[in-house]
Amino acid sequence: MTAMDKKSLIEDRVNSGLRGQWYPVAKSVEVKASKPYGTRLLGEKIVLWRDAENRLRCVEDFCPHRGAPLSYGEIHEGNIGCRYHGVVVNGEGVVVRVPAMPECALEGRKALKSFEVREAGDAVFVYVPSAEQPEAPDLALPRELTDDAWTGFLCTGVWETNYRYALDNLADPMHGCYLHAESFTLAFGSKQDLMKLDKTDAGFRVSRIGQVGENFDWTEFEVHPGSMFCFLEIPYPPAAGPGGVFRIIGFVTPVDAATCKVFFWRMRRVSGLARDSWRFLYRARLEKTHWDVLEQDRVMLEGMPDDARKREMLYQHDLGVSRVRQILTRAAKSQVEAEMAAE
């Protein structure tokens, strides 16, 4: 294999999404014991459901008989049955019953890939194994999702753009005062600044040098074995109710090369009656303004060509963008090399 071929494989891996990662794929309430939930992850169709013990299950969305989508089927005693001919598969991807033909040779055979699944922060996470890391590591989570002192809301959206551009957008605090200039909280602060990048114990922080506490002034990324997420803070005026700053936790899931799904937790540290007051205020008044901001991001990114990075001209403000891309490329290179060594 030539160096050019290897470089192309690495680029393809970055573009399609890293393996060896936990990805959120759905809200917890969307995956039920009564009906399968079908989606795509890294270009593959998968199906999720809850078994008889309410445990989450996930396998390829493919009936081993003729390839019909299992997500069109039904749940039978904790297993999933294909609507086309009734073939029943369990959460390990094993055919447990072929009702149209008793004692069929398919029964007992492991026919499908199965995936490890975890539930946290009102979301369902699926692990995609890699040659380097075939077994799932612990799911590393932001502390706000495990600390009862924080409360918030999970919102998700499907964006018709490569996941890389959604990550770039999160690593770019400077866009806030331009793209979101008419929003509830992001209309303030200077439109000129320089950026700095600082290493942290788990990743990096990119922040504006001349402005603190005014706007979308910084983003911090954490990179763990098996997961990557970011968080940022938006200063809130008194009219936004109790709880101090508004913290946003962000995960981005590659659906395929042209689509991603974003998961944003909108959090505040607040307790007691103030907690209830803020949650009511958010649902009644603030939620729409935050969706408006996300829509501005979505529309802008979806309007960019798929190969925009091949013609772009980065400058000093893009320190965070460059660091995210370096992280993805290094990880993809390591994965490709591990797969080549295993051949």
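Modeller: Start with the largest nonpolar core, which has 58 residues; Leu48, Val126 and Phe221 touch the most other members. This core lies between domain 1 (18-128) and domain 2 (143-331), because both contribute residues to it. The domain bounds come from an automatic or database domain assignment. A nonpolar core here is a set of buried Ala, Val, Leu, Ile, Met, Phe, Trp, Tyr and Cys residues joined through side-chain atoms within 4.5 Å. Buried means under 20% relative accessible area, exposed means over 50%, and partly exposed is in between (1.4 Å probe, protein chains only).

The model is predicted: local features need pLDDT of at least 70, side-chain atom pairs count only at pLDDT 80 or more, and totals for chains, interfaces and linings use all residues. Residues are numbered from 1 along each chain as its sequence is written, and side-chain values use heavy atoms, with hydrogens and water left out.

Now Leu48 itself. Beyond its neighbours within four places in sequence, Leu48 contacts Val25, Val31, Pro36, Tyr37, Thr39, Arg57, Cys58, Val117, Val124 and Val126. Contact means heavy atoms within 4.5 Å. Another core, of 17 residues, lies apart from the largest one; Trp22, Phe125, Trp218 and Phe251 are among its members.

Next, the sheet. Seven antiparallel strands make an open sheet, in the order S11-S17-S16-S15-S14-S13-S12. S11 (150-159) and S12 (195-199) are the edge strands; each has a single partner, so one side of each is left without a neighbour in the sheet. From one strand to the next, the twist averages 20°. Strands (E, at least two residues) and helices (H or I, at least four) are DSSP runs, numbered from the N terminus. Two strands pair if DSSP finds at least two bridges between them. Strands of a sheet pair through backbone hydrogen bonds, either parallel or antiparallel.

Look at S14 (218-224). Five of its seven residues are buried, so the strand is mostly covered by the cut-off of under 20%. S14 pairs antiparallel with S13 over five bridges. There, Ser207 has Trp218 of S14 as its bridge partner. Trp218 also belongs to the 17-residue core. S14 pairs antiparallel with S15, again over five bridges. His224 is bridged to Ser227 in S15. S14 and S15 form a hairpin with two residues between them, and Gly226 in the turn has a positive phi of about 95°.

Helix H5 (residues 319-342) lies across S12, S13 (203-208), S14 and S15 (227-234). H5 runs at about 35° to S12. Axes are lines fitted to C-alpha atoms, for helices over the stretch in contact, and angles run from 0 to 180 degrees between N-to-C directions.

Elsewhere in the sheet, nine bridges join S16 (246-256) to S17 (259-269). One of them pairs Val252 with Val262 of S17.

UniProt, in an unreviewed entry, places "domain: Rieske" at residues 22-126. Such annotations may be inferred rather than shown by experiment; feature names are shortened and positions use the numbering here. That stretch is 0% helix and 40% strand, with its end C-alpha atoms 5 Å apart.

Arg19 sits in the loop between H1 (3-16) and S1 (21-27). Its relative accessibility is 19%, so Arg19 counts as buried. Arg19 touches residues including Leu42, Glu44, Gln335 and Glu339.
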